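Let me put the structure up, and then I'll walk you through it.

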Amino acid sequence: MSSKLPTIPSDWFHQSFDALYPIIYAHRTVEAAKQESLFSIQETQLQPNDRVLDLCCGSGRHVAHLVNASSHVVGLDYSPHLLEIARQSLSDKASFLRADMRHQPFQGTFDVVMNYFTSFGYFQTEEENRQVVDNVCQALKPDGRFFIDYMNKNHAMDNLVKETRRIVEEFEILETRWIDEKKQRINKETVVLRDGKEINRSGESVQLYTQEEFTALLSGGCLAINAMYGNYGGESVGDDQPRMIAIGKKVR
């Protein structure tokens, strides 16, 4: 791998969730999402008649479990490739919509909004990231509940694995990760090879937040946090825990 750090384009999310994404993240399966989904169902006290939005649903691996708890599940994502996978297996149980999370169309529609695995913080300005949080509020009914899962900045920085090499099926996957100290972002470039030849190169970049910053971001509008956990086992947030999982409700 090269020692020179690449440049991640600001609109990286337009290209990175393509047809190879399920190969790169083959370990993120429907079965792996079961515990996460059950935890979110429990913590939001999801009811059978609740309307649920999985914001940034990807290929629907959490939707596959949410539909067992609610008869009204909608998955929203920007990637046509991942939405096609979701529709192929779940179109008879859930609805799916392609939209940018900054411009989702819902107004007071949902009892619960779920957002798993650092599925915002993509954007270069705090105004745009704030817009996503405001849209969660906009999509919720009065007193609606939310479940938002984000990486823990301190844990991510302390446990950064700079380079990895993996074999998935016939593909070789090379990943380079680094912290942009100035912008406080965690970046990753992924190169996919087949038969020793590069067939795809993509990047990812997300904003890093401390627990205090994450709390301020979510609480700056109409959302109130009732509980926060450091993992899907329900342990407290701390530098030794990988996640910041916020559960709460719309208060105005």
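So, Phe-147: buried or exposed? Buried, with a relative accessible area of 0%. Keep in mind that this is a predicted model. What I like here is where the two come from: Phe-39 is in helix 2, residues 33-43, while Phe-147 is in strand 5, residues 140-151, so the pair links distant parts of the chain, 108 residues apart.

That's one of 19 aromatic pairs found in a search of the whole structure. There's also an aromatic cluster made up of Trp-12, Phe-13, Phe-17, Tyr-21, Tyr-25, Tyr-122 and Phe-123. And a couple of arginines sit over rings. Arg-28 has its charged end over Phe-117, 5.3 Å from the ring centre, and Arg-98 lies over the face of Tyr-78, at 4.4 Å from the ring centre.

What order do the strands take? Going across, it's 3-2-1-4-5-11-10, seven strands in an open sheet with mixed pairing. Strand 3, 95-98, and strand 10, 223-229, are the edges, each pairing on one side only. From one strand to the next, the twist averages 20 degrees. If you want a parallel piece to look at, take strand 1, residues 51-55, and strand 2, residues 72-77, joined by five bridges. Val-52 has Val-73 in strand 2 as its bridge partner.

Now the helices on that sheet. Helix 5 packs on it, touching strand 1, strand 4, strand 5, strand 10 and strand 11, and its direction makes about 145 degrees with that of strand 5. Helix 5 covers residues 126-139, so that's 14 residues, and its first C-alpha to its last spans 20 Å, close to the 20 Å expected at 1.5 Å a residue. Its buried residues are Asn-129, Val-132, Val-133, Asn-135, Val-136, Cys-137 and Ala-139. When you look at that list, remember that an α-helix has 3.6 residues a turn, so residues three or four places apart point the same way. Then there's helix 7, residues 211-219, lying across strand 5, strand 10 and strand 11 and running at about 150 degrees to strand 10.

Last stop, strand 8, residues 185-194. Why call strand 8 largely enclosed by the rest of the structure? Because nine of its 10 residues are buried. Strand 8 has antiparallel pairing with strand 7, residues 171-180, over 10 bridges, and with strand 9, residues 197-207, also antiparallel over 10 bridges. On the strand 9 side, Lys-188 is opposite Glu-204.

And how do the turns look? Strands 7 and 8 make a hairpin with four residues between them, and Gln-184 in the turn has a positive phi of about 55 degrees. The hairpin of strands 8 and 9 has two residues between the strands, and there Asp-195 takes the positive phi, near 55 degrees.

Definitions and conventions:
Residues are numbered from 1 along each chain as its sequence is written. This is a predicted model: local features need pLDDT of at least 70, side-chain atom pairs count only at pLDDT 80 or more; totals for chains, interfaces and linings use all residues. Side-chain values use heavy atoms; hydrogens and water are left out. Buried means under 20% relative accessible area, exposed over 50%, partly exposed in between (1.4 Å probe, protein chains only). Two strands pair if DSSP finds at least two bridges between them. Rings of Phe, Tyr and Trp (its six-membered ring) pair if their centres lie within 6.5 Å; planes under 30 degrees apart count as stacked, over 60 as edge-to-face and the rest as tilted. A charge sits over a ring if NZ of Lys or CZ of Arg is within 6 Å of the ring centre and within 35 degrees of the ring normal. Axes are lines fitted to C-alpha atoms, for helices over the stretch in contact, and angles run from 0 to 180 degrees between N-to-C directions. Contact means heavy atoms within 4.5 Å.
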